[in-house]
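Student: Can we go through the aromatic rings in this one? I'd like to start with charges and then move on to ring pairs.

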Amino acid sequence: MEKKKCTALVTMKDVAKVAGVSTATVSRTLMNPDKVSARTRQRVENAVLEVGYYPHNLTKNLRRNVSRTILVLVPNISDPFFTEVIRGIEETATEHGYLVLIGDCTHQKQQEHAFINLLITKRIDGMVLLGSNVPFDVSKEERKNLPPMVMANEFSPELELPTVHIDNLTAAFNATHHLQKLGHKRIACITGPETMPLCHYRLQGYIQALRRTGEEIREEYIIRGDFTHESGAILAETLLTLPEPPSAIFCHSDVMAIGAMWQAKKMGLKLPEDLSVVGFDNLNLAQYCEPALTTVEHPRYEIGYHSILLLLEQLQGRLVSKGSRLLEAELIMRASTCSPKS
């Protein structure tokens, strides 16, 4: 009884005050959401959740009307890899009249309640997952009641979602094989977090390239980082102080590759004569390194663009098949690689 009494004390004026709009705007948003802008609707609905104002017709309206809002879940918003993916998503969504909300999963547990609120109040029409983890526990059966979802960048078959990504295994194979063609025999690999499926594919590509030429798989040459400059630098030092250090390093991201190059130069090595380095992603910074970084071109903007088109097809009621939509990944050869010293 006490809970109902507290809820009854919350009025439309309270919502208007928190949202910074008039009560008339609150009323219009709740009764006729199509007659207000997406941004105003978002502010009012945020305020509704904050103050706990739930008139009887609110749930009905939110179920009946589309929000024209898409939620994008990002594993780590500070990772520069995602900037172009998000730009592809936002520009394409805007062209089709949709607002994009960004959810950072770095602090997943703290965000879980907010994500669930977005789902149960029908304030989002669809979701794009830029990582392999769904930040709330739902069964396969319960997932049928969620808004349409598309996975971008990662590939996780068990989620059974339409997915836009590249062939990470082949791209890593080609990057490693490039070093082999230059004559390198001692090639190390700085991989990414074990929890990320794409890292498994890239590691398999590296291993397959070595096996194809009969090279020994040296466990001490495979070392795991976390996609930061710091881990690239620290792990490069570990590799370069081995009794038999590598003559080349294949890194699973440009960020780690740049950290590795910085550390190698700090240790007095000349690049690429003493150490060749290959990255992955082709960030804008890659071409401005010294030396310019050889890397895998990851079509990040296109991944964002195509993921939104896939989501829009579902929102328009079209049947979209589950599984992969593969985009091309090209090796960009620059000055950070050359033949090893004899």
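Student: Which ring does the charged end of Arg68 sit over?

Tutor: The ring of Tyr98, with the charged end 4.3 Å from its centre. A charge sits over a ring if NZ of Lys or CZ of Arg is within 6 Å of the ring centre and within 35 degrees of the ring normal. Keep in mind that this is a predicted model, where local features need pLDDT of at least 70, side-chain atom pairs count only at pLDDT 80 or more, and totals for chains, interfaces and linings use all residues. Residues are numbered from 1 along each chain as its sequence is written, and side-chain values use heavy atoms, leaving out hydrogens and water.

Student: And what does Arg202 sit over?

Tutor: The charged end of Arg202 is over the ring of Phe280, 3.7 Å from the centre.

Student: OK, ring pairs. How many aromatic pairs are there in the whole structure?

Tutor: A search turns up 2. In one, the ring centres of Phe81 and Phe82 are 5.1 Å apart with planes at 85°, so that pair is edge-to-face. For Phe, Tyr and Trp (its six-membered ring), centres must lie within 6.5 Å; planes under 30 degrees apart are stacked, over 60 edge-to-face, the rest tilted.

Student: Is Phe81 buried or exposed?

Tutor: Buried, at 6% relative accessible area; Phe82 is buried too, at 5%. The cut-offs are under 20% for buried, over 50% for exposed and partly exposed in between (1.4 Å probe, protein chains only).

Student: What about the rings of Phe250 and Phe280?

Tutor: Their centres are 6.5 Å apart and their planes at 45°, so they count as tilted. Phe250 is buried at 0% relative accessibility, and Phe280 is buried at 0%.
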